[in-house]
Amino acid sequence: MWCESWKAGASLVVKVTPRASKSGILGVEENWIRLALAAPPVDGRANDAAQIFLSETLNVPKKAVVLLSGQTARIKRFAIIGITPEVVRQRLLNV
């Protein structure tokens, strides 16, 4: 499942496509949600862009979105602190 319960919030698995023409959600698969990011995968810029995109889309502070794993990989796991997995799924699927 791409969104599960995690400590004080939710754990979210995303597959990132960097250097896209614009940032957005490309779709949902069984194990992850696909994100297109305009940022290049250089010096952590795609990670920062993913964090900002998720915080704005989920309406949470940037510090509530924490990269847990996948700093140099296309598949990344984020912690979303302060909201439930159900709310995360609802907000991402209703974009």
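Author: Let us take helix 1, whose buried residues are Ala46, Asn47, Ala50, Gln51, Phe53, Leu54, Ser55, Thr57 and Leu58. Here buried means under 20% relative accessible area, exposed means over 50%, and partly exposed lies in between, with a 1.4 Å probe and protein chains only. Helices (H or I, at least four residues) and strands (E, at least two) are DSSP runs, numbered from the N terminus.

A word on the model itself: it is predicted, so local features need pLDDT of at least 70 and side-chain atom pairs count only at pLDDT 80 or more, while totals for chains, interfaces and linings use all residues. Residues are numbered from 1 along each chain as its sequence is written, and side-chain values use heavy atoms, with hydrogens and water left out.

Now to the length of the helix.

What do the buried residues of helix 1 pack against? Their partners are strand 2 (9–17), strand 3 (24–28), strand 4 (33–36), strand 5 (65–69), strand 6 (75–81) and helix 2. Contact here means heavy atoms within 4.5 Å.

Let us visit some of these residues in turn. Asn47 sits in helix 1, which covers residues 45–58, and counts as buried because its relative accessibility is 13%. Not counting residues up to four places away in sequence, Asn47 touches Leu67, Gly70, Gln71, Lys76 and Phe78. With Lys76 there is also a polar contact between the two side chains, at 2.7 Å. A polar contact is a pair of N or O atoms within 3.5 Å; within protein, one must be able to donate a hydrogen and the other to accept it, and residues adjacent in sequence count only if both atoms are side-chain atoms.

Ala50 has 0% relative accessibility, so it counts as buried. Leaving aside neighbours within four places in sequence, Ala50 is in contact with Leu37 and Phe78. Ser55 is buried too, with a relative accessible area of 7%; beyond its neighbours within four places, Ser55 contacts Val60, Pro61, Lys62 and Val65.

Thr57 brings us to the other helix. A polar atom of the Thr57 side chain lies 2.7 Å from the backbone oxygen of Phe53. Leaving aside neighbours within four places in sequence, Thr57 is in contact with Arg91, Leu92 and Val95. Between the two helices, Leu54, Thr57 and Leu58 in helix 1 meet Val88, Arg91 and Leu92 in helix 2. By class, this contact has four nonpolar, one polar and one charged residues. Ala, Val, Leu, Ile, Met, Phe, Trp, Tyr, Cys and Pro count as nonpolar, Asp, Glu, Lys and Arg as charged, and the others, Gly among them, as polar.

The axes of helix 1 and helix 2 (residues 85–93) come within 9 Å and cross at roughly 95°. Helix 1 and helix 2 are therefore roughly perpendicular. Axes are lines fitted to C-alpha atoms, for helices over the stretch in contact, with angles from 0 to 180 degrees between N-to-C directions; 65 to 115 degrees counts as roughly perpendicular, under 35 as roughly parallel, over 145 as roughly antiparallel and the rest as oblique.

Finally, just after helix 1, Asn59 takes a positive phi of about 60°. Asn59 lies in the loop between helix 1 and strand 5 and, at 62% relative accessibility, counts as exposed.
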